[in-house]
Amino acid sequence: MNTSTMAQGGRSRARRMARGSVTEGAARAGFAARGVIYLLVGALALQIAFGDAGHQADRGGALQELAQKPFGAVLLWALGIGLVGMALWRLSEALFGSVGKDGRSARKRLMATVRFVFYVFVAYSVLTFALSRHQSGGSSDKQSRDATARVLEIPGGQWLVGAAGIGIVVAGGWIAVRAVRRKYHDKLRLGQMSHRTRQLVDVTGVAGGAARGLVFAVAGVFAVRAAIDYEPDKAKGLDDTLRTFADTPLGPWLLVCVAAGLVLFGVFSFAMARWRRV
């Protein structure tokens with residue numbers, strides 16, 4: 001092997017290492033940002049459960065809460081940049097594949113693409129809020145109703161809304177089942193954790209993932225109802241979905257449990273930021 005070839009190989013390895021370092025940093029910043037949002041949403045939902053109904057338990061409410069803190073503008077920008085990092089990491093997974101034996105499969109790349117689009121939207125909404133310091137597009141409830149109404153107006157819209165709702169229900173069930181089965185173990189550096197730390201991560205991962213999946217599934221059910229009844233007002237965003245848990249026979253205590261689960265999922269996201277294989 002001549003000197004020129006060796007030099008080219010060295011530069012190629014250096015580029016891969018640099019790209020890997022940037023990607024890893026972006027992913028870990030993204031998980032931390034996701035953790036902040038879920039912590040705030042869960043805390044706001046707990047306040048609603050205990051009688052303070054003036055809060056809005058969704059991403060918009062979380063941003064409003066963050067904006068009122070000392071150095072709120074800095075925190076909002078940091079959150080938005082972290083979510084941009086998450087989007088870029090998902091894009092790299094779509095383009096180059098992810099960790100794991102089937103990380104380059106078409107299914108994994110498709111899922112990464114969907115997550116990339118989702119986090120682009122979330123990052124855009126957070127950065128827009130950071131610029132204007134006003135709610136961007138209204139609450140999640142209004143956004144859900146408006147989007148449902150627009151889709152219902154197009155030909156075949158009723159079927160599209162119904163299919164989307166069923167898809168959300170399935171996604172919620174998938175999230176919950178994977179959490180209960182602790183499938184996230186496949187993506188964590190378990191060898192770097194102590195036994196006690198692993199137990200704590202399992203508590204947050206199982207309870208948090210189950211709560212998150214339940215919220216997704218219930219929101220999907222409301223979308224299906226909106227399609228069947230042809231009434232967009234029956235579609236619910238995150239805030240209204242969480243409030244419905246307090247209207248069950250179990251009363252506000254079910255909302256307390258779900259809200260606590262969302263807080264735990266926020267903590268689990270921080271664990272992912274620390275120990276996830278990227």
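Modeller: The model is a predicted one. Let us begin with Arg90 and Glu93, whose closest N and O atoms are 2.9 Å apart in a salt bridge.

Biologist: What makes the pair of Arg90 and Glu93 a salt bridge?

Modeller: The criterion asks for a side-chain nitrogen of Lys or Arg within 4 Å of a carboxyl oxygen of Asp or Glu. For Arg90 and Glu93 the closest N and O atoms are 2.9 Å apart, and the pair is therefore called a salt bridge. The count by this rule comes to 10 salt bridges.

Biologist: How are Arg90 and Glu93 placed in helix H3?

Modeller: They are three residues apart in helix H3, so about one helical turn separates them.

Biologist: Are Arg90 and Glu93 buried or exposed, and how do you know?

Modeller: Buried means under 20% relative accessible area. Arg90 has 6% relative accessibility and therefore counts as buried. Glu93 has a relative accessible area of 8%, so Glu93 is buried as well.

Biologist: Why is Val74 called exposed?

Modeller: Exposed means over 50%. Val74 has 56% relative accessibility and therefore counts as exposed.

Biologist: How does the span of H3 stand against the expected one?

Modeller: H3 has 25 residues and reaches 36 Å from its first C-alpha to its last, close to the 36 Å expected at 1.5 Å a residue. Just after H3, Gly97 takes a positive phi of about 95 degrees.

Biologist: Which residues does Ala33 touch, and why is Ala33 called buried?

Modeller: Ala33, in helix H1, touches Leu79, Gly82 and Leu83, not counting residues up to four places away in sequence. Its relative accessible area is 5%, against a limit of 20%, and Ala33 is therefore buried.

Biologist: What makes Asp240 and Arg145 a salt bridge?

Modeller: The N to O distance is 3.7 Å, and the limit is 4 Å, so the pair qualifies. This pair links distant parts of the chain, with Asp240 in helix H8 and Arg145 in helix H5, 95 residues apart.

Biologist: Why are Asp240 and Arg145 called partly exposed?

Modeller: Partly exposed lies between the buried limit of 20% and the exposed limit of 50%. Asp240 has 21% relative accessibility and therefore counts as partly exposed. Arg145, at 27%, counts as partly exposed for that reason too.

Biologist: What does the pair of Asp202 and Arg182 tie together?

Modeller: Their side chains meet in a salt bridge at 3.5 Å, N to O. Asp202 lies in helix H7 and Arg182 in the loop between H6 and H7, so the pair ties together parts that are 20 residues apart in sequence. Asp202 is buried, with a relative accessible area of 10%, whereas Arg182 is partly exposed, with 40%.

Biologist: Against which helices do the buried residues of H6 pack?

Modeller: They pack against H5 and helix H7. The buried residues of H6 include Val161, Gly165 and Ile175. Thr148, in helix H5, is in contact with Val161 and, among others, Ala226 and Pro232. Thr148 is at 10% relative accessibility, under the 20% limit, and therefore counts as buried.

How values were computed: Residues numbered from 1 in each chain as written. Predicted model: local features only at pLDDT ≥ 70, side-chain atom pairs only at ≥ 80, totals over all residues. Heavy atoms only, no water. Buried < 20%, exposed > 50% of the residue type's maximum accessible area, 1.4 Å probe, protein only. Helix = DSSP H or I, 4+ residues; strand = E, 2+ residues; numbered from the N terminus. Expected span 1.5 Å × (residues − 1). Contact = heavy atoms within 4.5 Å.
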